[in-house]
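Subject: Structure handover

Hello,

Here is the structure for you to look over. My notes come after it.

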Amino acid sequence: EAQIRVLQRAAAPLGGGKVHFTCPIVKHQLKSIDFTDPGKIKRIRGTAISCKIVSSSMAARVAYSAKGVFHKLLPDVWIHTDVHSPK
């Protein structure tokens, strides 16, 4: 079972984010995926992140604006906010 954990969030221009990716050993060759027909979008889920020097209200403003745009296209939209403050 493959796993990704976000250890530290960061944003441009300095970056500095850290993730930990683990994957078991694959003993056979993986098959490729042909993604030419994506189908219909049914729902949108997202997270607006603010970190370090950016105000926490910035993430709320981004989430509100994104919801406004996406609600014009489809009704099932959830965008949450995640505020990261430095330790």
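This is a predicted model: local features need pLDDT of at least 70, side-chain atom pairs count only at pLDDT 80 or more; totals for chains, interfaces and linings use all residues.

Residues are numbered from 1 along each chain as its sequence is written, and side-chain values use heavy atoms, with hydrogens and water left out.

Fold first. The protein chain has one helix and four strands. Their order along the sequence is β-β-β-α-β. The radius of gyration is 18 Å, well over the 12 Å that the globule rule gives for 87 residues, so the protein chain is more spread out than a compact globule. That radius is taken over C-alpha atoms, and the rule is 2.2 Å times the number of residues to the power 0.38. Along the principal axes, the C-alpha atoms fill a box of roughly 50 × 40 × 20 Å. Helices (H or I, at least four residues) and strands (E, at least two) are DSSP runs, numbered from the N terminus.

Next, burial and surface. Of the 87 residues, 10% are buried. Buried means under 20% relative accessible area, exposed over 50%, and partly exposed in between (1.4 Å probe, protein chains only). The protein chain exposes about 8000 Å², with 58% of it supplied by carbon and sulfur atoms. Areas come from the Shrake-Rupley method with a 1.4 Å probe.

Contacts (heavy atoms within 4.5 Å) come next. Among those between residues at least 6 apart in sequence, 47% join residues at least 24 apart.

Now the charges. The structure holds two salt bridges, each a side-chain nitrogen of Lys or Arg within 4 Å of a carboxyl oxygen of Asp or Glu. In one, D76 pairs with R43, and the closest N and O atoms are 3.7 Å apart. D76 lies in the loop between helix 1 (56-71) and strand 4 (77-84), while R43 lies in the loop between strand 2 (18-22) and strand 3 (44-51), 33 residues apart. D76 is partly exposed, at 27% relative accessibility.

R45 also bridges to D76, with the closest N and O atoms 3.2 Å apart. R45 is in strand 3, 31 residues from D76. Shared partners join R43, R45 and D76 into one network. R45 is partly exposed too, at 41% relative accessibility.

R45 also lies over the face of W78, at 4.2 Å from the ring centre. The criterion is NZ of Lys or CZ of Arg within 6 Å of the ring centre and within 35 degrees of the ring normal.

Best regards
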